[in-house]
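I opened the model today to look up its metal site, its core and its ring contacts. My entries follow.

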Amino acid sequence: MATALLFATVVLVTAVVWAGRGIGRRRARAAIRRGPGASLAEAIAVSSFDTIDETIAARRCHCGAGVHAVGEGARDLDGRRFRYARVECDACEDEQVLYFDVTTIFH
Ligand SMILES: [Zn+2]
C-alpha cells in the first residue's frame, strides 16, 4: 500500500515537472517570436546594411544557440522600406524571421 502510494507520488511529480518544462520552453519560444524584429510592426530600424548582419550574428535562438541567415527579402509598405531575413538555429534548426526598417538608408 505504502509502495503504491510512493509510486503514485513519483509519477505525479514527474508529470508536473514535465508539464512545467513544456510550458517554460513554449514561453521562451513565444517570447523570442515577439519583441524587436519579430514583425513588420516591430521592425528594427537600421541605418546601414551592416547592422542587419551584426544583429543576425548577435541573435540567439530560444534554445540558446546562434542563428544563421537562410534567406532574405524586401518589402515596401506605406512608404517605408523593409528588409527581412529568415534565420535558422545552428542547433535545433528552428526558423524565425527578423524584420528591419531600412527606410533611412534610402533617404
Ligand atoms: Zn535553437
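Is Y84 buried, partly exposed or exposed? I find Y84 partly exposed, at 29% relative accessibility. Buried means under 20% relative accessible area and exposed over 50%, with partly exposed in between (1.4 Å probe, protein chains only).

**Ground rules.** I am working with a predicted model, where local features need pLDDT of at least 70, side-chain atom pairs count only at pLDDT 80 or more, and totals for chains, interfaces and linings use all residues. Residues are numbered from 1 along each chain as its sequence is written, and side-chain values use heavy atoms, with hydrogens and water left out.

**Zinc site.** I looked up the protein donors of the zinc ion: they are the SG atoms of C61, C63, C89 and C92, at 2.2 to 2.3 Å. Donors here are N, O and S atoms within 2.8 Å of the metal (3.2 Å for Na, K and Ca); water is not among the atoms, so sites may look incomplete. The angles among the four donor atoms run from 103 to 118 degrees, and the site is tetrahedral (four donors, all angles between 85 and 135 degrees). Along the chain the donor spacing reads C-x1-C-x25-C-x2-C. C61 sits in the loop between α2 (49-58) and β2 (67-77), and C92 in the loop between β3 (80-89) and β4 (95-101), so this pair ties together parts 31 residues apart in sequence. Helices (H or I, at least four residues) and strands (E, at least two) are DSSP runs, numbered from the N terminus. I note C61 as buried at 5% and C92 as partly exposed at 37%.

**Core.** The largest nonpolar core has 12 residues, among them C61, C89, V87 and V102. Such a core is a set of buried Ala, Val, Leu, Ile, Met, Phe, Trp, Tyr and Cys residues joined through side-chain atoms within 4.5 Å. α2, β3 and β4 each give two or more residues to this core. β3 gives the most, three.

**Rings.** My search of the whole structure gave two aromatic pairs. Rings of Phe, Tyr and Trp (its six-membered ring) pair if their centres lie within 6.5 Å; planes under 30 degrees apart are stacked, over 60 edge-to-face, the rest tilted. F49 and F106 are edge-to-face, 6.3 Å centre to centre with 75 degrees between the planes. F49 is in helix α2 and F106 in the segment after β4, so the pair links parts 57 residues apart in sequence. Y84 and Y99 are tilted, at 5.9 Å and 50 degrees. Y99 is buried, at 16%.

How values were computed
Tetrahedral: all angles 85-135°; square planar, octahedral: opposite > 155°, others 65-115°.
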